[in-house]
Amino acid sequence: MSHSSPISFESLYQAHYRMVFQLCLGFVKGDEDQSKDLAQEVFIQVWNHLDRFRKESSPKTWIYRITVNTCLNHLKKERSQEEKLGEILRDQETAEIIEFTETDPSKMLFEAMGKLSEIDRLITGLLLDEVPQEEIASILGIMEGNLRVKIHRIKLRLKKLINHE
């Protein structure tokens, strides 16, 4: 199958791999191996669908959508395992969690992000990757005003989770 698009897969991969990896990392709560696997799956999808890219959005937005869908599909498959993990985490003493996270602020953030809903994790990941709010709203298909309200609530929730309130 030949790709008629002038955009090369290699240029997309080089330009967007780090962004995809970081976003996947937020979805899998900081697990680098899982994030690499998901990023690889994303770029397999990019390769398979490159001929269908219609340039109705930027390549970055298109790849974000593929990443979001790939991560959400992964989470659906992992849901039962994730629920079991959630039960284990709720049963642990708070002191153990604090001991585990205080040494590394990024682990603390990923731990807190892991307790957010899927959509809130996605928004947080996009914000950490410095994606403009206008683009995040477009990716999610919501109004910018709604996004700003969501971001405010997410920040409050993360603050409570990190401070163990």
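**Close-up 1. Helix α1 crosses helix α6 in a right-handed manner.** Right-handed means that the near helix is turned clockwise from the far one by less than a right angle. The model is predicted; local features need pLDDT of at least 70, side-chain atom pairs count only at pLDDT 80 or more, and totals for chains, interfaces and linings use all residues. Residues are numbered from 1 along each chain as its sequence is written, and side-chain values use heavy atoms, without hydrogens and water. Helices are DSSP runs (H or I, at least four residues), numbered from the N terminus. α1 spans residues 9-27 and α6 residues 118-128; their axes lie 9 Å apart, at an angle of about 145°. Axes are lines fitted to C-alpha atoms over the stretch in contact, and angles run from 0 to 180 degrees between N-to-C directions. L23, G26 and F27 of α1 meet E118, R121, L122, G125 and L126 of α6. Contact means heavy atoms within 4.5 Å.

**Close-up 2. The largest nonpolar core has 40 residues.** Such a core joins buried Ala, Val, Leu, Ile, Met, Phe, Trp, Tyr and Cys residues through side-chain atoms within 4.5 Å. Buried means under 20% relative accessible area, exposed over 50%, partly exposed in between (1.4 Å probe, protein chains only). V20, V46, W62, I63 and L126 have the most contacts inside this core. α1 gives the most to the core, with 8 residues.

**Close-up 3. F9 and W47 form an edge-to-face aromatic pair.** Rings of Phe, Tyr and Trp (its six-membered ring) pair if their centres lie within 6.5 Å; planes over 60 degrees apart count as edge-to-face. Here the centres are 5.4 Å apart, with 85° between the planes. F9 is partly exposed at 21% relative accessibility.

Terms used
Helices (H or I, at least four residues) and strands (E, at least two) are DSSP runs, numbered from the N terminus. Rings of Phe, Tyr and Trp (its six-membered ring) pair if their centres lie within 6.5 Å; planes under 30 degrees apart count as stacked, over 60 as edge-to-face and the rest as tilted.
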